[in-house]
Each structure stands twice: as C-alpha cells, then as structure tokens.
Amino acid sequence: GSRVYIGRQEYFNKITQHMLTINSGPLLISGRSGLGKSALVCNWALRFSQSHSSTVVITHYIGSTAASTDLSNMLRRVISEIIQIFKLDKEPPKELSELIDAFPAFLSEAGRKSKIVLVLDALNQLDPRDNSHDLHWLPTVMPENVKLLVSSLPGRCMDVLTSRSWTQLEIQPLSPNERRLLIVEYLAQHGKSLSDSQISLILSSPSCDNPLFLR
C-alpha cells in the first residue's frame with residue numbers, strides 16, 4: 001500500500017545544502033531505529049536526482065534484498081553502474097579484495113566525468129563477515145566531485161564513522177505537530193478521519209515519537 005512520508009523538510013534542506021557545498025566531505029545520517037532514516041534517504045535521493053539532473057545519483061539500499069547485504073555484491077553493483085552510466089570499457093573485478101582496491105579508482109573516474117552522489121543506506125545491515133563493519137573498504141576521503149551520503153544505526157559501523165569526524169545529521173523523534181500531521185495524512189490516504197479527542201488519545205502514547213509505531 002501507499003506509505004505516508006512526512007517530508008520533514010528541514011532534513012531535506014540540510015542534506016541538499018551539504019551536497020551542494022564544495023569540500024563539505026561525506027554526510028552521515030544517524031538516529032535510533034524506526035525514525036525513518038531509510039525513508040528520508042530514499043525520498044531525498046529521488047527528489048535530488050529529479051531536481052539536479054546534471055548530477056549522477058547512485059543508490060544502494062542495504063537490506064532491501066538478501067543479496068544487498070553482501071559487501072562483494074554491493075561494491076560490484078556500484079562499480080557496474082559506474083561502468084554502465086559512463087560506458088567504460090572495463091569489467092568489474094571478481095574477488096572482494098580486487099573490488100575493494102578498484103572501488104576508489106572507479107569513483108575517481110566517475111568524478112572526472114560528472115558530479116556524483118553515492119548513497120549507501122543502512123550500513124549496519126551489511127553482512128558482518130569480511131569485517132565489513134570496520135569499513136576498511138570505504139575510502140576516508142572521497143575523490144573530487146564525489147559526494148557520499150551514508151546512514152547507520154548505532155553499533156560498530158557508527159563507531160567507525162563517528163571516529164572519521166564526518167558531518168553528522170541526527171534524525172530526531174517526531175515533534176507533537178509532526179505526529180498529528182502524520183496521523184491526519186495517513187487516515188486521509190485511507191479515506192478515514194478521527195476526532196480531535198481520538199487523535200489526542202493516540203498522541204498520548206509514549207511510542208508516538210516513532211513514525212513506524214504511528215503507522
């Protein structure tokens with residue numbers, strides 16, 4: 001069914017501003033589970049690619065499929081997309097160690113041809129074998145013209161990302177007004193409505209600052 005997405009425009013604006021700022025470095029989206037980080041990242045990437053058609057946006061949503069959590073698969077998929085978009089006469093490497101070595105080089109090549117935004121959502125959902133959560137495969141500095149947007153839950157990935165001192169945007173729980181708006185919009189999409197007192201009753205639940213609970 002259709003999902004309600006409260007845009008939370010302030011976050012969209014902050015991500016866009018960061019991506020359009022020269023030398024701003026990678027951006028890390030953080031926050032506890034259920035606050036809509038993946039929905040935010042996905043909706044932002046969609047809108048940004050529509051409104052900035054000269055920038056190539058490459059997205060990988062870890063956990064969206066079983067194969068998406070495998071580090072080799074992810075690197076191969078991003079490299080293959082770069083090859084395809086820029087019609088490079090190259091093949092993606094087969095082995096993980098070769099993929100890790102080639103990854104920064106392919107990003108550099110892409111950055112020489114266009115502005116790039118690479119989106120890697122939910123790093124904490126990577127399969128932890130190959131020490132993937134140590135992020136040894138993710139360059140600490142992006143090549144010129146390449147912007148990186150990553151998101152993660154607290155844990156090993158987040159600890160490593162935090163140690164890199166990248167700019168962090170922490171998603172906050174919904175404010176009371178956002179909660180009310182979310183309920184009204186959700187009901188409207190399903191052809192229903194509630195009285196103000198019924199809505200107030202729902203809003204009094206402590207779980208209500210979490211968009212997943214409200215759904």
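**Figure 1. The whole chain.** Along the sequence, the chain runs α-β-α-β-α-α-β-β-α-β-α-α-α. That pattern holds eight helices and five strands; these are DSSP runs (helices H or I, at least four residues; strands E, at least two), numbered from the N terminus. The model is predicted, so local features need pLDDT of at least 70, side-chain atom pairs count only at pLDDT 80 or more, and totals for chains, interfaces and linings use all residues. Residues are numbered from 1 along each chain as its sequence is written, and side-chain values use heavy atoms, with hydrogens and water left out. Of the 215 residues, 47% are buried (under 20% relative accessible area, with exposed over 50% and partly exposed in between; 1.4 Å probe, protein chains only).

**Figure 2. The second largest pocket.** This pocket holds about 470 Å³ of space. A pocket is an open set of points on a 1 Å grid over the protein atoms alone, where a 1.4 Å probe fits, with protein on both sides within 12 Å along at least five of seven lines; lining residues have an atom within 4 Å of a point. Its volume is the space filled by probe spheres set on the points, which are joined across faces, edges and corners. The lining has 24 residues, and T21, I22, N23, N145 and K147 lie nearest the centre. α1 (9-20), β3 (115-121) and β4 (146-151) each give at least two lining residues. By type, the lining has 12 nonpolar, nine polar and three charged residues (nonpolar: Ala, Val, Leu, Ile, Met, Phe, Trp, Tyr, Cys and Pro; charged: Asp, Glu, Lys and Arg; polar: the others, Gly among them).

**Figure 3. H60 in strand β2.** H60 sits in β2, residues 55-61. H60 is buried, because its relative accessible area is 4%. A polar atom of the H60 side chain lies 3.0 Å from the backbone oxygen of S68. Beyond neighbours within four places in sequence, H60 contacts S68, M74, R77, V119, L120 and D121 (contact: heavy atoms within 4.5 Å).

**Figure 4. S132 in the loop between β3 and β4.** S132 belongs to this loop. S132 is buried, with a relative accessible area of 0%. Apart from neighbours within four places in sequence, S132 touches L71, L126, D127 and W137.

**Figure 5. K113 in helix α4.** K113 lies in α4, residues 96-113. With a relative accessible area of 47%, K113 is partly exposed. Leaving out neighbours within four places in sequence, K113 is in contact with F86 and L88. K113 and N145 are 32 residues apart in sequence, and their C-alpha atoms are 8.9 Å apart.

Definitions and conventions:
A polar contact is a pair of N or O atoms within 3.5 Å; within protein, one must be able to donate a hydrogen and the other to accept it, and residues adjacent in sequence count only if both atoms are side-chain atoms.
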